[in-house]
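Hi,

Here is the structure I promised to send over.

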Amino acid sequence: MKKILITGALGQIGSELTMRLRKEYGNDNVVASGLSAKEGSEEVVESGHFEIVDITNAQQVADTVKKHNIDTIINLAAILSAVGESKPNLAWDVNMGGLYNVLEVGREFNVAVFTPSSIAAFGPSTPAKNTPQDTIQRPTTMYGVTKVAGELLCDYYYERFGVDTRGVRFPGLISYKTLPGGGTTDYAVEIYYKALQEGKFTCPLGKDTYMDMMYMPDALDAIIDLAEADPAKLKHRNAFNVTAMSFSPEDIFASIKKLIPEFTMGYDVNPILQKIADSWPDSLDDSAAREEWGWNPKYDLDKMTKDMLENLRIKLGK
Ligand code: NAD
Ligand code: AKB
């Protein structure tokens with residue numbers, strides 16, 4: 001990667017990835033883009049190039065790639081699971097139509113394309129425990145449908161047109177800089193804010209709901225390490241299973257309670273979120289990522305909890 005365009009750069013991942021890449025590749029070599037400069041982090045908009053790019057507008061994507069002589073697009077623009085269930089048409093337009101435009105630009109201008117998939121690409125008929133890299137994928141959400149179709153489309157553009165497409169299946173991502181954009185795993189971020197702001201949390205998922213999760217620094221490493229991996233070593237290309245931990249609401253509550261003993265948690269299960277969470281794996285097998293490009297996360301649940309609380313205390317003044 002020499003000249004990088006990030007779409008959806010003001011979202012949960014993009015706001016941190018942009019700053020990390022600017023540090024490593026130089027401010028001028030990382031172009032952030034989004035729907036509006038007012039939507040998010042000032043430091044992302046002000047520390048380097050920022051362009052308005054709606055990925056459903058193919059011309060805007062192509063013009064930005066030409067203008068900045070881009071060689072890699074990291075395509076983070078998307079509609080996530082919970083919002084996707086309330087706005088399935090929008091999820092299809094952005095996640096499929098937008099991805100198609102990005103891949104077409106990749107083909108026309110010989111640009112590499114990195115697009116994250118998700119644990120949402122699996123469904124209720126997928127083996128839930130130690131979910132294999134290559135297995136049944138029959139997701140039951142619009143988000144999941146677009147994710148599995150996106151994986152296939154990226155594979156197709158590599159096989160058919162030689163576009164250098166790569167991607168991981170991210171689990172729920174936890175971070176303190178930018179709030180998540182409307183997913184099913186968002187509770188695992190909100191719980192830290194509520195622990196510090198109110199000392200109590202009402203969990204929207206049942207206590208035995210296990211899902212894979214990851215702390216943001218590991219997620220950024222995953223993107224950069226795979227994007228820079230030697231292509232000769234990759235047997236898979238798109239949709240590598242990656243995970244760092246699997247926990248339930250009871251586990252994350254216990255981890256926070258070790259550091260905030262007065263913290264309490266109750267339950268008010270949201271049936272729409274619960275149905276989505278129940279259709280996703282409990283824990284992924286990420287051995288292909290470990291073997292093919294050295295995936296090796298650094299944060300487990302307690303280490304993440306300590307870091308989240310330390311940083312959120314500063315951010316929230318608590
Ligand atoms: P996010 O919702 O925080 O950010 C997405 C950004 O895309 C937002 O800033 C939004 O305004 C923008 N956007 C929406 N429509 C757009 C359009 N038409 N054109 C340009 N921008 C548009 O999402 P995120 O958490 O940063 O996720 C980035 C990618 O990673 C997505 O593909 C998502 O599916 C995937 N992912 C995220 C997680 C997670 O837990 N955050 C987990 C698995 C996969
Ligand atoms: C969501 O919950 O929608 C995302 C994801 C796991 O893809 N965090």
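Lys129 and Asp282 form a salt bridge, with 2.8 Å between the closest N and O atoms. Keep in mind that this is a predicted model. The count of salt bridges between domain 1 and domain 2 is one.

Which helices supply the side of domain 1 that touches domain 2? Helix H1 (14-25), helix H4 (81-86) and helix H8 (216-227) each give at least two residues to that side. By type, this side of domain 1 has 16 nonpolar, nine polar and four charged residues.

Now the domains themselves. Domain 1 covers 4-171 + 216-241. Domain 2 covers 173-213 + 245-283 + 299-316. Domain 1 brings 29 residues to the contact, and domain 2 brings 23 residues.

How much area is buried between domain 1 and domain 2? The figure is about 2,100 Å². Carbon and sulfur atoms give 60% of that area. On the domain 1 side, the residues that lose the most area to domain 2 are Gln12, Ile119 and Pro171. Together, these three account for 29% of what that side buries.

Best wishes

Notes: Residues numbered from 1 in each chain as written. Chains lettered and ligands numbered in written order. Predicted model: local features only at pLDDT ≥ 70, side-chain atom pairs only at ≥ 80, totals over all residues. Heavy atoms only, no water. Domains from an automatic or database assignment. Contact = heavy atoms within 4.5 Å. Buried area = accessible area lost by both parts, 1.4 Å probe. Salt bridge = Lys/Arg side-chain N within 4 Å of Asp/Glu carboxyl O. Helix = DSSP H or I, 4+ residues; strand = E, 2+ residues; numbered from the N terminus. Nonpolar A, V, L, I, M, F, W, Y, C, P; charged D, E, K, R; others polar.
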